[in-house]
Amino acid sequence: MTNVYSLDGILVFGLLFVCTCAYFKKVPRLKSWLLSEKKGVWGVFYKAAVIGTRLHAAVAIACIVMAFYVLFIK
């Protein structure tokens, strides 16, 4: 189990958040409901979705590295 208050827990949470928001951007009903605002608190979801779609290769590599770290090293 990963602790959220540690650095690796924050990295895991951030990667999962970016990947989830990028997936939401591909689903039309969720895109209109969750990613319609570009500013404010709801804008965080939009910005994470943009990061996930524009840097999809880097995010995928980071997810693989973090999975390897959590499963085998930690």
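Cys19 counts as partly exposed, at 30% relative accessibility (buried means under 20% relative accessible area, exposed over 50%, and partly exposed in between, with a 1.4 Å probe and protein chains only). The structure is a predicted model, in which local features need pLDDT of at least 70, side-chain atom pairs count only at pLDDT 80 or more, and totals for chains, interfaces and linings use all residues. Residues are numbered from 1 along each chain as its sequence is written, and side-chain values use heavy atoms, with hydrogens and water left out.

A search of the whole structure turns up 0 disulfides (a disulfide here being a pair of cysteine sulfur atoms within 2.5 Å). Cys19 is accordingly in no disulfide, and the nearest cysteine sulfur, that of Cys63, is 3.4 Å away.

As for the overall fold, the chain holds 4 helices and 0 strands, which gives the pattern α-α-α-α along the sequence (helices are DSSP runs of H or I with at least four residues, strands are runs of E with at least two, and both are numbered from the N terminus). The C-alpha atoms fill a box of roughly 40 × 25 × 15 Å along the principal axes. Of the 74 residues in the chain, 22% are buried. Contacts (heavy atoms within 4.5 Å) between residues at least 6 apart in sequence join residues at least 24 apart in 59% of cases.

Helix H1 spans residues 7-26 and reaches 29 Å from its first C-alpha to its last, close to the 28 Å expected for its 20 residues (the expected span is 1.5 Å times one less than the number of residues). Buried residues of H1 are Asp8, Gly9, Val12, Leu15, Val18, Cys21 and Ala22, and their cover includes helix H3 (43-54) and H4. Within H3 sits Gly43, which is buried with a relative accessible area of 0%. Beyond its neighbours within four places in sequence, Gly43 is in contact with Glu37 and Lys38.

Phe72 lies in helix H4, residues 56-73, and counts as exposed at 63% relative accessibility.
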